[in-house]
Amino acid sequence: MTASGLGALPSKLPWVGTTIFTVMSKLAAETGAINLSQGFPGFDCSPELVGLVERYLKSGFNQYAPMTGVPALREALAEKTGQLYNIHYHPETEVTVTSGATEALFAAVTAVVRPGDEVLVFEPAYDSYVPAIELNGGIPVFITLTPPTYAIDWEAVRGKITDRTRLILVNTPHNPTGRVWTADDLSQLAALVQHRDIWIVSDEVYEHIRFDGRPHRSLATHPVLQERTFVCGSFGKTFHITGWKVGYCLAPKELTTEFRKIHQYLTFSTVTPIQHALADYLQNPAHYETLPDFYERKRDLFLGSIRGSRFHFQPTEGSFFQTVSYEAMTDEPDYELAVRLTREIGVASIPVSVFYHQKDDYKRLRFCFAKDDETLLRAGERLSRL
C-alpha cells in the first residue's frame, strides 16, 4: 500500500521500461560519445522551410487546425501521392494529418484491433508497434526475419495466419534493417489477404530514402492491398524535422472514417503554421526527389570509413540506418558491446536484439548515418581501431 492507502497502480505495459534510444542517447551525452544511435538527423532543415513557418506564425495562423488537417496540406499530399505512385486519395475523405507517424500508427491499430485479435508483426520491429497492439487487447504474432538479407519467408507468414488474424503490420523501407520491399513481396501479401478479412497498417516513413535505384513500393500501389491498408507517413524523416512531429495517414474513405474517430480523441489537431508551411514546401518536388542521392552518399561515406574494420555488412537498401555484424570480433551480447563501444571508443549504436520480442542476438549493431560528413568520418575512424 502507498502512504495514501492506495494499492500499486497495475501497469498496462508491465514489460515496458525506458526505451533503448533514450538509454543510448543519454549514455552518449554523459560520455561525450558520437551519437549514431537514435534516428534523428544531425543537421538542420531547409532555411526556406523555416522561413515559411515564420511567415505563417506572423500572419496569424496560430489557432486550432481542422481535426483532419489543413486543407492545403491534405491537397498537397494527395497531389504528391498521385504524381509519384499514380494513386488517387481524396483530400477531404482519405487524407488525415496527424501529430507524427507514431500517432498515425496508433490510431490505425486502434481503429482495427479488438480484444483477442491477432496481429502479425515482422521482427526486428520498431518499438511502438507491439505496445499499440497490446493496449488495444490484441495479440502480437511474430514473423522473425534473420540476417544477412532479412528477406520474408512467405510460407512462414502463411503458417501464422489463423481465423483470428485481423491485422498485419508492414514497414518498408524497414527500421532497423533497411530492407526495401519488392514487387514480389506485395504480390505474396496480396495473395494471402485477398479472400480474408485482414487489414494492413503500412509504416512508410522512409519512403524517399532508398538506394541503388530501388523504387519505393507503397502498399497502396497494389489494388488488393490498397483497399485494406492504412499508409502511415511522416515529414520528419523526409525534411529533417523530426522534432516537429507531423505525420499523416492515407486510407480509403471507409477506413479513414474509423481512423478519424480515434485520431480526434488522441491529438485532435496538429500545429497549424507548420501545416501551412509544409503545404507550400511540397509544391517543389526537388525537396524530396533529391533525398535518395543525398542519403546514399552518406551511407557510402560511412561504409567507406569502416571498410577496413572487422565489421561485416551488406549496404543497407533504405532508411538512414546501417546494421553491421561483429561476429568476427567478439562473442559479447550486442547490448553489452553497444554500451562498451560508447564508453571506450566514443561511438553510440543500437543493439539490434532490442527489436526482437525475445531479444534474439544475431551479433548486430545499428548505426544512424543521418549525420554531417565530419561526424561520420570521425565515427568510422574510431570504429576501425577495433
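This is a predicted model: local features need pLDDT of at least 70, side-chain atom pairs count only at pLDDT 80 or more; totals for chains, interfaces and linings use all residues.
Thr375 belongs to helix α15. The relative accessible area of Thr375 is 14%, and this residue is therefore buried, as the value is under 20%. Thr375 is also 285 residues from His90 in sequence, and the C-alpha atoms of the two are 43 Å apart in space.

Helix α15, which spans residues 373–383, is among the elements that cover the buried residues of helix α13. The cover of α13 also includes α9 (236–239), α12 (286–289), β9 and β12. Helix α13 runs over residues 291–305 and has 15 residues. The buried residues of α13 are Leu291, Pro292, Tyr295, Lys298, Arg299, Phe302, Leu303 and Ser305. Viewed down the helix axis, the buried residues of α13 fall within an arc of 165°, so they line one face of the helix. In general, an α-helix has 3.6 residues a turn, so residues three or four places apart point the same way.

Two of the strands that cover α13, β9 and β12, are also part of an open sheet of three strands. The order in this sheet is β9-β12-β11, and the pairing is antiparallel. Strands β9 (321–325) and β11 (350–351) are at the edges, and each has a single partner strand, so one side of each is left without a neighbour in the sheet. Strand β12 covers residues 364–368 and is joined to β11 by two bridges in the antiparallel sense. Ile350 has Arg366 of β12 as its bridge partner. Strands of a sheet pair through backbone hydrogen bonds, either parallel or antiparallel.

The cysteines were examined for disulfides. A disulfide is a covalent bond between the sulfur atoms of two cysteines. With a cut-off of 2.5 Å between the sulfur atoms, the count of disulfides is zero. Cys232 is in no disulfide, and the nearest cysteine sulfur to it, that of Cys249, is 4.5 Å away. For Cys249, the closest cysteine sulfur is likewise that of Cys232, and the distance of 4.5 Å is too far for a bond. Both residues are buried: Cys232 has a relative accessibility of 0%, and Cys249 has a relative accessible area of 2%.

Definitions and conventions:
Residues are numbered from 1 along each chain as its sequence is written. Side-chain values use heavy atoms; hydrogens and water are left out. Two strands pair if DSSP finds at least two bridges between them. Helices (H or I, at least four residues) and strands (E, at least two) are DSSP runs, numbered from the N terminus. The expected span of a helix is 1.5 Å times one less than its number of residues. Buried means under 20% relative accessible area, exposed over 50%, partly exposed in between (1.4 Å probe, protein chains only). The arc is that of the directions from the helix axis to the C-beta atoms. Contact means heavy atoms within 4.5 Å.
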